[in-house]
Amino acid sequence: QVQLVASGGGLVQAGGSLRLSCVVSGHTFSILTMAWFRQSPGKERECVGSISRSGSSTYYADSVKGRFTISRDNAKDTVYLQMNSLKPEDTAIYFCAAAPSARSLTTLTGPSRYDYWGQGIQVTVSS
């Protein structure tokens, strides 16, 4: 049984930073493309960043480029999302997701591309 367990959310002031972590079990982590999505009320679930199996390639949504960094540690079966210069509009529930795929990251931006999901964690940025 594949499990993704996310942690690290919380409340932060605008301009602050948070780091999200997601630990994967039950699957060979190194063959999974990993991603972070977010969803706020009334909006579709959005891919904010993804990372290839080796970690050599990354994708970011335009709204977070230059502020968020996705990384992975294949020895620890963990993917991270470092979020800096946070804005109130970053407030959302964040989800980690995994896909056993080697496809280009730009083809893996939709939620339906991912087979496994972690529980959502709340990130709230106050103004």
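Both C22 and C96 are buried; buried means under 20% relative accessible area, exposed over 50% and partly exposed in between, with a 1.4 Å probe and protein chains only. A disulfide joins these two residues, C22 and C96, with an S to S distance of 2.1 Å. A disulfide here is a pair of cysteine sulfur atoms within 2.5 Å. By this rule, the count is one disulfide. The link of C22 and C96 is right-handed, with 55° about the S-S bond. C22 lies in strand β3 (residues 18-25) and C96 in strand β9 (residues 92-99), so the pair ties together parts that are 74 residues apart in sequence. Strands (E, at least two residues) are DSSP runs, numbered from the N terminus. C47 is in no disulfide. The nearest cysteine sulfur to C47 is that of C96, 12 Å away. C47 counts as buried because its relative accessibility is 6%.

The model is predicted: local features need pLDDT of at least 70, side-chain atom pairs count only at pLDDT 80 or more, and totals for chains, interfaces and linings use all residues. Residues are numbered from 1 along each chain as its sequence is written, and side-chain values use heavy atoms, with hydrogens and water left out.

The surroundings of C22 were examined next. Its relative accessibility is 0%, so C22 counts as buried. Contact means heavy atoms within 4.5 Å. Leaving aside neighbours within four places in sequence, C22 is in contact with L4, V5, A6, W36, D77, T78, V79 and C96. W36 stands 14 residues from C22 along the chain, and the C-alpha atoms of the two are separated by 9.3 Å.

V79, one of the contacts of C22, also belongs to the largest nonpolar core. A nonpolar core is a set of buried Ala, Val, Leu, Ile, Met, Phe, Trp, Tyr and Cys residues joined through side-chain atoms within 4.5 Å. The largest has 29 residues. Those with the most contacts inside it are L20, M34, W36, V79, L81, M83 and Y94. At least two residues of this core come from each of β1, β3, β4, β5 (46-51), β7, β8, β9 and β11 (121-126). Leaving aside neighbours within four places in sequence, V79 is in contact with L20, S21, C22, F29, M34, W36, I51, I70, S71 and R72. Another core, of seven residues, lies apart from the largest one. Among its members are F37, C47, A97 and Y114.

The strands were then compared by pairing. Strands of a sheet pair through backbone hydrogen bonds, either parallel or antiparallel. Two strands count as paired if DSSP finds at least two bridges between them. An open sheet of four strands has the order β1-β3-β8-β7, and its pairing is antiparallel. The edge strands, β1 (3-7) and β7 (68-73), each pair on one side only. From one strand to the next, the twist averages 15°; axes are lines fitted to C-alpha atoms, and angles run from 0 to 180 degrees between N-to-C directions. Six bridges link β7 and strand β8 (residues 78-83) in the antiparallel sense. I70 has L81 as its bridge partner in β8.

T33 is found in strand β4 (residues 33-39). T33 counts as buried because its relative accessibility is 2%. A polar atom of the T33 side chain lies 2.7 Å from the backbone oxygen of S101. Not counting residues up to four places away in sequence, T33 touches I51, R53, R72, A97, A98, A99, S101, L105, L108 and Y114.

Note on methods: A polar contact is a pair of N or O atoms within 3.5 Å; within protein, one must be able to donate a hydrogen and the other to accept it, and residues adjacent in sequence count only if both atoms are side-chain atoms.
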